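Student: Could you take me through how to read a nonpolar core and a sheet with its packed helices, starting from the structure itself?

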Amino acid sequence: MTQNTSFLRNFLLYKCLFALTFWNHVILSVEDELFTSVSGNFPEDVSNKKIKSLPLLYAKDHQSKDNSDWIVIQNTTESLSLSEIRNDNVKKLLALLSNFKQGSRLQNLTLTNVSVDWNALMKIFQTVWHSSIEYFNINSVTQLSHIKRYDFDYSGTSMKALTMKKILITDLYFTQDDLYRIFANMNIADMTIADSDMIHMLCPSSKSRFRYINFSKNDLTDFLFQNCFNLLQLETLILQKNKFESLRKVSFMTSHMKSLRYLDMSNNLLRHDGAGVQCQWAESLAELDLSSNQLADAVFECLPANVRKLSLQNNQISNVPSEVAELKSLEELNLASNRLADLPGCSGFTSLQFLNVEMNSILTPSADFFQSCPRVRELQAGHNPFKCSCELQAFIRLERRSGGKLSGWPAAYACEYPEGLRGTELQDFHLSPLACNTTLLLVTALLLTLLLVAAVAFLCICLDVPWYVRMTWQWTQTKRRARHGPPGDQGPVLQFHAFVSYSERDSLWVKSELIPNLEKGDGCVQLCQHERNFVPGKSIVENIINCIEKSYKSIFVLSPNFVQSEWCHYELYFAHHKLFSENSNSLILILLEPIPPYLIPARYHKLKALMAKRTYLEWPKERSKRALFWANLRAAININLPKADENLYEETD
């Protein structure tokens with residue numbers, strides 16, 4: 001029996017030593033992990049501390065109605081995390097926390113999933129308030145019973161920071177001051193109440209020690225802290241994701257916060273209509289976040305005079321007014337995701353060093369930006385819909401001269417327009433100097449135009465184009481009058497075998513040789529001669545055209561005299577025009593005398609072409625060959641004229 005007792009005692013002692021060794025190992029192994037999960041809920045100035053963490057152990061007692069107890073080794077823990085706090089175990093929680101009097105090593109406490117009534121919740125706060133805990137973090141709290149006035153004892157606390165998230169109040173009918181006064185009068189440095197649908201918070205009833213307040217993700221409105229004079233030490237105020245609407249009221253809210261340096265009003269419903277309404281900000285405010293609101297250009301009329309860092313990202317700003325109040329201390333300005341069409345100037349921001357205008361509507365940024373903003377060290381202008389044109393070339397050259405001041409280059413800078421260049425990086429976009437230099441382009445175009453005009457004028461002079469234009473006009477007018485003649489006029493009818501065109505100096509040969517030889521005999525040829533057949537009262541040109549129209553053939557007696565006659569040129573032109581317009585073979589060329597090429601004027605290019613392409617009859621000097629000449633000429637003219645009205649013939653004759 002003695003041996004068994006001794007054995008049992010040794011066995012139990014061994015087990016105890018083993019358990020202590022095991023738990024010591026567990027404590028050391030989870031130390032960093034628990035510290036990371038807990039300390040992340042506290043301000044950064046605490047997270048650097050070396051905190052010893054201890055997990056809670058649950059020991060079941062089968063002889064007790066209570067099925068669990070917390071077992072804690074006192075004075076060995078600096079961080080403690082508890083969850084599932086309910087009304088049935090809150091007394092044990094209070095008993096546990098009462099062990100950590102001021103002077104204990106426990107500094108950080110996290111409670112998660114707390115579901116208790118108002119009185120129990122206040123007892124937890126009161127117990128923590130008088131303990132050694134400096135940083136109290138409480139998450140996911142449901143308050144089950146109605147709220148009533150509680151006389152909170154604010155004396156003798158070690159607490160520095162309180163963080164409350166996801167607080168649900170189930171009581172809909174209560175005096176709000178009973179709730180908000182408890183937290184407004186806590187004389188601690190840091191307070192966070194976030195994601196809790198909080199609609200209001202009272203101004204502290206006396207000079208407050210608050211330096212940091214975070215009321216993000218609630219339902220706070222413009223009534224918060226209006227005419228509050230007791231937040232004189234407050235340096236950081238975070239009110240993002242609430243329901244603030246008036247920027248002017250926000251400015252007055254800060255006007256009595258003499259130490260405020262950072263204000264976050266992002267993701268609200270802020271507007272500012274301007275219209276000469278004055279704003280009044282805390283003079284100490286150095287950093288202001290107004291991103292993701294509904295602010296337009298008028299916001300620049302209501303900004304803190306001494307702000308150094310300003311964020312207006314994701315608003316409705318289309319222009320930075322040139323008459324903006326001077327912000328001499330502004331060093332960093334964020335205007336990303338707005339509606340800007342160009343880079344803003346720095347006339348009101350003489351100390352600006354960083355500017356962000358990404359994701360706006362800037363097509364062609366101003367190339368003189370760095371000249372107007374000499375102190376800017378970094379410009380973020382990427383992800384804009386750049387229009388790759390000549391105007392953008394200057395901005396691209398600006399990047400090369402800026403010395404790397406354009407942040408995100410080249411990946412964030414690509415063409416959006418025109419569509420054919422979409423996606424092309426600006427550094428790969430190039431145009432020739434001629435295409436982008438308007439003056440040079442105009443001078444080049446003017447010179448080319450002058451050269452073209454000179455060339456056309458030269459050709460016109462050489463080819464006698466004005467003469468041909470005049471003749472074409474006269475031909476057209478004559479034809480039009482013929483078509484619109486008096487009723488009964490049948491237009492031109494073939495009356496002659498041939499129209500004879502010759503120089504007056506060659507008239508002797510025509511009258512003594514050509515006419516007698518063609519018009520004699522039974523098969524006489526009826527010739528149209530201007531001396532016999534031109535109608536008095538009509539113009540010479542009209543007579544020429546009518547004679548050519550009424551003749552089946554046109555005989556041209558070519559000689560050096562012919563090419564020197566203006567009227568011969570007219571006749572040749574109109575006959576040639578008929579040749580192409582009627583697709584006929586109506587020209588007969590008689591070379592009376594050889595014509596040296598140098599004697600033919602430039603405007604007689606048609607004559608040159610005809611003599612080069614068509615067969616002509618040459619008047620022989622030998623009499624023995626003249627019979628063959630006349631036979632060939634008659635054969636060329638051979639045609640039976642239609643029987644015309646004799647009266648008509650006599651009239652034309």
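Student: Which residues have the most contacts inside the largest nonpolar core?

Tutor: Bear in mind that this is a predicted model. A nonpolar core is read as a set of buried nonpolar residues joined through side-chain atoms within 4.5 Å. Here the largest such core has 112 residues, and those with the most contacts inside it are Phe125, Phe136, Phe183 and Leu290. Helix 4 (residues 118-129) contributes the largest share of this core, 8 residues.

Student: Which residues is Phe183 in contact with, leaving aside its neighbours within four places in sequence?

Tutor: With those neighbours left aside, Phe183 is in contact with Phe125, Leu162, Met164, Met191, Ile193, Met201 and Phe210. There is also a second, separate core of 21 residues, which includes Ala498, Val500, Val510 and Leu514.

Student: What is the strand order of the open sheet of 5 strands?

Tutor: For a sheet, one reads the order of the strands and the sense of their pairing. In this open sheet the order is 20-19-21-22-23, with parallel pairing, and the edge strands, each pairing on one side only, are strand 20 (527-528) and strand 23 (617-618). Strand 19 (residues 496-501) pairs with strand 20 in the parallel sense over 2 bridges, and Phe499 stands opposite Cys528 in strand 20.

Student: Which strands does helix 12 touch as it packs on the sheet?

Tutor: Helix 12 (residues 507-519) touches strand 19, strand 20, strand 21 (551-558) and strand 22 (587-591), and its direction makes about 145° with that of strand 21. Helix 14 (residues 540-549) also packs on the sheet, touching strand 19, strand 20 and strand 21, with its direction at about 120° to that of strand 21.

Methods:
Residues are numbered from 1 along each chain as its sequence is written. This is a predicted model: local features need pLDDT of at least 70, side-chain atom pairs count only at pLDDT 80 or more; totals for chains, interfaces and linings use all residues. Side-chain values use heavy atoms; hydrogens and water are left out. Two strands pair if DSSP finds at least two bridges between them. Helices (H or I, at least four residues) and strands (E, at least two) are DSSP runs, numbered from the N terminus. Contact means heavy atoms within 4.5 Å. Axes are lines fitted to C-alpha atoms, for helices over the stretch in contact, and angles run from 0 to 180 degrees between N-to-C directions. Buried means under 20% relative accessible area, exposed over 50%, partly exposed in between (1.4 Å probe, protein chains only).
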